[in-house]
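Hello,

I am passing a structure on to you. Please open it first, then read my notes below.

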Amino acid sequence: FRAWTQSGSSIGQVLKKSGVDGQFMSFFPRNQQNYERLAEFFKSHDLPDVVSWLNGQRTLGAKLEIQQKVREMLQEEEEVGEIIAQIKASTVGMDLRETDIIPSVYSGIMESPDWNKKADLVGDQALRHLKSCHKLLSAFCTTDAAQVLLLVKIQ
């Protein structure tokens, strides 16, 4: 890793080119296959680039998990309050801001229904669906930045 960082190459790019970015954890013993232990290891060996890449991978994984959880819970017609509680519980200790969470929540909401095949009916269906999920969106849109990001995502 030190040679890669000294050569000026990005750790993420090198791992992606070699095809091992998704299998990175499997290179370490089972008892060390968690982000905290690996981050501690790479910090102790003075490799901050690897630590930042690991944090990015962890954040990406959390965002995808939130999106999948929202989609599945809406398809199972769970209560909005339960969905909010699940998302908040899963993000504890992850250091995710609302601006990290809201795009995943919106994507999960929009992936949950089966959309009408007729293009002229999809707009009305989407509006009804978003109205039914407005509490879920408003729970994670308390800052101006999150609201702007949601508007951009909707567009």
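How do the axes of helix 3 and helix 4 cross, and within what distance do they come? One point before the answer: this is a predicted model.

**Helix 3 and helix 4**

Helix 3 covers residues 35–44, and helix 4 covers residues 48–75. Their axes come within 9 Å. They cross at roughly 165°. Angles over 145 degrees count as roughly antiparallel, so helix 3 and helix 4 are roughly antiparallel to each other. The crossing is left-handed.

Which residues make the contact? Helix 3 supplies Y35, E36, L38, A39, F42 and K43. Helix 4 supplies V50, V51, L54, Q57 and R58. By type, the residues of this contact divide into seven nonpolar, one polar and three charged.

**The aromatic pair**

The structure holds one aromatic pair. F41 and F42 form it, in an edge-to-face arrangement. The rings lie 5.1 Å apart, centre to centre, with 75° between the planes.

Are these two residues buried or exposed? F42 has 1% relative accessibility, so F42 counts as buried. F41 has 35%, so F41 counts as partly exposed.

**S107**

Look next at helix 6, residues 98–111, where S107 is found. Its relative accessibility is 14%. Buried means under 20%, so S107 counts as buried. What does S107 touch, leaving out residues up to four places away in sequence? S107 touches Q67 and K153.

Best wishes

How values were computed:
Residues numbered from 1 in each chain as written. Predicted model: local features only at pLDDT ≥ 70, side-chain atom pairs only at ≥ 80, totals over all residues. Heavy atoms only, no water. Axes fitted to C-alpha atoms, helices over the stretch in contact; angles between N-to-C directions. Helix = DSSP H or I, 4+ residues; strand = E, 2+ residues; numbered from the N terminus. Parallel < 35°, antiparallel > 145°, perpendicular 65-115°, else oblique. Left-handed = near helix turned anticlockwise from the far one by under 90°. Contact = heavy atoms within 4.5 Å. Nonpolar A, V, L, I, M, F, W, Y, C, P; charged D, E, K, R; others polar. Phe/Tyr/Trp six-rings, centres within 6.5 Å; stacked < 30°, edge-to-face > 60°. Buried < 20%, exposed > 50% of the residue type's maximum accessible area, 1.4 Å probe, protein only.
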